[in-house]
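User: I am new to protein models and would like to learn how to read one. Could you walk me through some features, one at a time?

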Amino acid sequence: MSNLDAVLLARIQFGFTISFHIVFPAITIGLASFLAVLEALWLRTRRQVYLDLYHFWLKVFAVAFGMGVVSGLVMAYQFGTHWSEFSRFAGSVTGPLLTYEVLTAFFLEAGFLGVMLFGLNRVGPGLHFVSTIAVAVGTLISATWILASNSWMQTPQGFEIIDGRVVPVDWLQVIFNPSFPYRLAHMVTAAFLATALIVGATGAYHLLKGRSDEGVTTSLSMAMWLVLVAAPVQALIGDAHGLNTLEHQPAKLAAIEGHWERVPGEPVPLILFGLPDMAAETTRYSVEIPYLGSLLLTHSMDGQIPALKDFAREDRPNSTIVFWTFRAMVGLGVLMILLGFAAGAARLRGRLFESRPVLRFALLMGPAGLVAILVGWYTTEIGRQPWVVYGLMRTVDAASHHSTVHLASTLAIFVVVYFFVFGAGTLYMLRLLRKGPHFHEGDGIDPGGPGAPRTPARPLSMPNEKDLPVGEEDEHGH
């Protein structure tokens with residue numbers, strides 16, 4: 001087989017591993033902030049429901065965090081094993097950015113994660129809240145560095161090329177490259193939405209099963225408020241991101257739109273559906289809305305956008321794929337907006353927790369946020385092709401020199417191991433969600449003192465029942 005086949009297998013393998021990885025950090029970004037809000041509400045009101053919800057979602061967060069760390073390590077190794085030429089060319093930029101993530105975000109999260117998970121009855125509410133805030137901030141800092149690195153690959157600046165390698169000359173320009181603010185805002189908002197939809201779907205599931213305690217209704221209510229606010233905001237961020245893409249990655253935008261030819265003076269229609277044919281250079285069976293393409297993409301009725309035929313064949317992204325992944329993302333976004341407004345209307349009628357159509361809608365939308373993140377990521381990464389660093393280095397020149405047999409065999413191993421390991425973790429998370437939170441009476445905090453849970457135990461001593469954090473069960477289910 002040719003080198004192109006090997007590069008394709010390397011791309012598939014990296015795409016497969018990142019598809020698993022990106023889901024878990026998205027959950028932890030959203031859940032960490034949600035946990036901080038829950039604990040803040042509990043500290044302010046002392047309502048037990050917020051503390052019980054905190055304990056419940058903390059378990060889900062811990063599982064997602066662990067799987068996110070494990071899957072992220074595999075991706076880091078692939079930069080050296082499968083993309084060594086890219087690391088040689090651009091490692092002076094991407095290497096430090098990933099190092100900054102470890103030195104700031106990961107150390108911050110690791111330093112406070114243990115206190116967050118196990119310290120509520122031992123360090124006191126105030127310090128524990130600081131730990132929760134630190135972990136939440138750490139997840140956002142991590143997203144910042146990762147998005148800075150990836151955005152630089154999309155819109156590189158602040159560098160010189162010396163002896164065939166990238167040399168950073170202005171780190172502020174490297175970090176705050178043209179697409180970075182839009183992509184960071186888009187990703188973080190997507191993580192919040194994905195988490196809100198999971199929380200909302202969990203509440204809707206239990207309500208549909210006849211469970212209507214305060215914790216269930218509180219979960220659904222908080223989630224639907226966030227969807228109502230964040231989904232329209234995400235649409236606005238997406239519009240701004242699209243304008244940025246039009247300016248800095250016009251070939252990607254042309255592929256997303258399935259737009260092949262530019263006719264001077266004529267407005268651009270919006271192609272709702274169709275089948276882009278890369279060989280025939282046309283979008284077959286297209287369903288178009290006149291003028292709407294110009295209006296959405298240039299904010300004018302007769303604005304022009306680049307067409308795929310403006311670029312050489314070898315410089316065109318695969319429109320057949322990104323055309324549909326983009327529409328899947330937008331379609332899910334529209335459904336999120338509809339869910340937010342439907343829940344808001346039911347709330348105004350006082351029937352948010354009784355409206356079965358709204359509850360079923362919320363339940364069905366549970367995975368929609370994560371699916372939208374995946375198809376949005378495919379749009380971004382496949383739309384950058386054939387470049388690994390846009391305009392500077394082609395993907396075919398970035399890959400390591402491995403045989404197709406080696407790449408095919410390792411890909412098969414990855415598929416088996418990932419579905420076994422992360423499939424088991426995902427099933428465990430779903431089991432937690434199906435079980436739902438357990439609620440207690442009282443404020444859940446021991447005052448401390450001799451023999452109390454806040455008194456440090458003897459080294460290596462086994463915890464007894466009174467040492468267990470509020471909301472936890474011992475090994476016998478008590």
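Analyst: Gladly! Let's begin with strands, which, like helices, are DSSP runs numbered from the N terminus (H or I over at least four residues for helices, E over at least two for strands). Two strands pair if DSSP finds at least two bridges between them. Here, strand 3 (residues 270–277) pairs with strand 4 (residues 282–289) in the antiparallel sense, over six bridges. This is a predicted model, in which local features need pLDDT of at least 70 and side-chain atom pairs count only at pLDDT 80 or more, while totals for chains, interfaces and linings use all residues. Residues are numbered from 1 along each chain as its sequence is written, and side-chain values use heavy atoms, with hydrogens and water left out.

User: Which residue stands opposite Thr-282 in strand 4, and how many residues lie between strand 3 and strand 4?

Analyst: Asp-277 stands opposite Thr-282. The two strands form a hairpin with four residues between them, and Glu-281 in the turn has a positive phi of about 55°.

User: How many bridges join strand 1 and strand 2?

Analyst: Strand 1 (residues 159–162) and strand 2 (residues 165–168) pair over four bridges, in the antiparallel sense. Ile-162 has Arg-165 in strand 2 as its bridge partner. This hairpin has two residues between the strands, and Asp-163 takes a positive phi near 55°.

User: Now helices, please. At what angle do helix 7 and helix 15 pack?

Analyst: The general idea first: axes are lines fitted to C-alpha atoms, for helices over the stretch in contact, and angles run from 0 to 180 degrees between N-to-C directions. Angles under 35 degrees count as roughly parallel, over 145 as roughly antiparallel, 65 to 115 as roughly perpendicular, and the rest as oblique. Helix 7 (residues 180–208) and helix 15 (residues 404–435) pack at about 50°, with their axes 9 Å apart, so the two helices are oblique to each other.

User: Which residues of helix 7 and helix 15 meet?

Analyst: Contact means heavy atoms within 4.5 Å. From helix 7, Ile-198, Thr-202, Tyr-205 and His-206 meet Leu-433, Arg-434 and Lys-435 of helix 15. The residues of this contact divide into three nonpolar, two polar and two charged. For that count, Ala, Val, Leu, Ile, Met, Phe, Trp, Tyr, Cys and Pro are nonpolar, Asp, Glu, Lys and Arg are charged, and the others, Gly among them, are polar.

User: Is Thr-17 buried or exposed?

Analyst: Buried means under 20% relative accessible area, exposed over 50%, and partly exposed in between (1.4 Å probe, protein chains only). Thr-17, found in helix 1 (residues 3–45), counts as buried because its relative accessibility is 0%. Not counting residues up to four places away in sequence, Thr-17 touches Val-74, Met-75, Gln-78, Phe-414 and Tyr-418.

User: Which residues touch the most other members of the largest nonpolar core?

Analyst: In soluble globular proteins, nonpolar side chains tend to be buried together. A nonpolar core is a set of buried Ala, Val, Leu, Ile, Met, Phe, Trp, Tyr and Cys residues joined through side-chain atoms within 4.5 Å. The largest one here has 106 residues, and Trp-57, Phe-61 and Met-336 touch the most other members. Helix 1 gives the largest share of this core, 20 residues. A second, separate core has seven residues, including Ala-254 and Leu-308.
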